Amino acid sequence: MKLFDVYPLFDINIVRGRGCRVWDDKGQEYLDLYGGHAVISIGHSHPHYIEQVSAQLQQLGFYSNSVVNRLQQQLAERLGKISGYDDYQLFLINSGAEANENALKLASFTNGRRRVLSAAKAFHGRTSLAVEVTDNPKIIAPINANGHVTYLPLNDISAWEQEISKGDVCAVILECIQGVGGIQMATAEFAQSLEKLCRQHGTLLICDEIQCGYGRSGKFFAHQWLGIRPDIITVAKGIANGFPMGGVLISPDFKPVYGQLGTTFGGNHLACAAALAVLDVFESEHLVDNARQVGDHLLASLRQLQADETAQRGSSHILDVRGRGLMIGIDLSVPHADVRRPLIFEQHCFTGCAGQSVLRLLPPLCLSLQEADEFISRLRSVLGNLG
């Protein structure tokens, strides 16, 4: 049997990691500015994380959700305090797509409606409902195309008002910073007006914080920059630093009904131990503050690189730089592969990409100022070789 070929792969076998660096099976070191799709939040192979997960595995890795799991309760309490949502309820599952799937189901169970509004260029996952609210027809199978979703331009409040005012919209689902969409950012004016419209018309507001949340933006959640408080928040990726886990944070206005939601593996003992270790490191190493400080430095350095290129050449290969904290998009004048491939194979630095021309930076939140400067130096070298 061979693997089903779904990804175009770089011929690199990563076998080891530490902090913001990884090594392949030939011993080559790489600077990691992508964190495995924004999953590695506290850094690769953090000693405290290894200790806590190993200790839990020696005690109990898994048991049924039909009995009490104190680790789930500890995680809910800790996450509520550190995020500012201690009055919300937590439902633990296995992935970001599953978090969005359950958030949308819960919204529909609550108000009985079917229609959902999603933003143009949105990405919310690949399962049934999650893929339907993702604005990419290439990945929406006919069985998922049920006509329940309307995509609207980000920050065009008049378009959203026109739809919400019809009174039949179940939920709005929104990434306050779009990842796959190319680091497009919702404005505070738009987000606050959208929240008000949802309240007026009984529409539930879901913030997808799977990529932009969990400290990445320099606040615990990206929507906290915008002054809104959604009904439902979805999380995954960085919540357990690589252990598969997702969560739904649910307003206290929602009352649970037994049997509506459920999970076999979600919130298992090992996953909770991993997630608690992540919060330990967040607090002890001040990683949310670090994401903001190092992110500000990276943004300023990238804009300076753009200005330097313009001064030297009359134009720059960098058309735009946008983002918050350690979620940054570099919009290029050339296809992103022209920059990303030499970054990987010549400068030994991993980044992500979006669309046709955006480099996406999603490093571990422990990235240092020195490592940020190291990336800028490597990027400068690649851009200089483009001519």
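Predicted model: local features only at pLDDT ≥ 70, side-chain atom pairs only at ≥ 80, totals over all residues.
Hi everyone, and thanks for coming.

Strand β1, residues 14-18, pairs with β2 in the antiparallel sense over four bridges. Together β1 and β2 form a hairpin with two residues between them, and Gly19 in that turn has a positive phi of about 60°. If you want a pair to click on, Arg16 has Trp23 of β2 as its bridge partner.

Next, β2 pairs with β3, again in the antiparallel sense, this time over three bridges. Here the hairpin has four residues between the strands, and Gly27 in the turn shows a positive phi of about 90°. The bridge partner of Arg21 in β3 is Leu31.

So which residues of β2 are buried on each side? On one side we have Arg21 and Trp23, on the other Val22 and Asp24, and all of them are buried. Both faces of β2, residues 21-24, are covered.

β3 turns up again when we look at helix α10, residues 337-345. The buried residues of α10 are Val339, Arg340, Pro342, Leu343 and Ile344. Their cover includes β3, along with β12, β13, β14, β15 and helix α11.

Now to the open sheet. Its seven strands run in the order β4-β10-β9-β8-β7-β5-β6, and the pairing is mixed. At the edges sit β4 (89-93) and β6 (149-152), each pairing on one side only. From one strand to the next, the twist averages 20°. Inside that order, β5 (residues 115-119) and β7 (residues 169-174) run parallel and are joined by four bridges; Ser118, for instance, has Ile173 in β7 as its bridge partner. Helix α3, residues 70-83, lies across β4 and β10, running at about 120° to β4.

Last, a helix pair. How do α2 and α8 cross? The axes of α2 (residues 47-59) and α8 (residues 269-285) come within 9 Å and cross at roughly 155°. The two helices are therefore roughly antiparallel to each other, and the crossing is right-handed. On the α2 side, the contact is made by His48, Tyr49, Gln52, Val53, Gln56 and Leu57; on the α8 side, residues including Leu270, Ala273, Ala277 and Val281 take part. By class, that contact has nine nonpolar, four polar and one charged residues.

That's my tour, and I'm happy to take questions.

Methods. Residues numbered from 1 in each chain as written. Heavy atoms only, no water. Axes fitted to C-alpha atoms, helices over the stretch in contact; angles between N-to-C directions. Parallel < 35°, antiparallel > 145°, perpendicular 65-115°, else oblique. Left-handed = near helix turned anticlockwise from the far one by under 90°. Contact = heavy atoms within 4.5 Å. Nonpolar A, V, L, I, M, F, W, Y, C, P; charged D, E, K, R; others polar. Pairing = 2+ DSSP bridges. Buried < 20%, exposed > 50% of the residue type's maximum accessible area, 1.4 Å probe, protein only.
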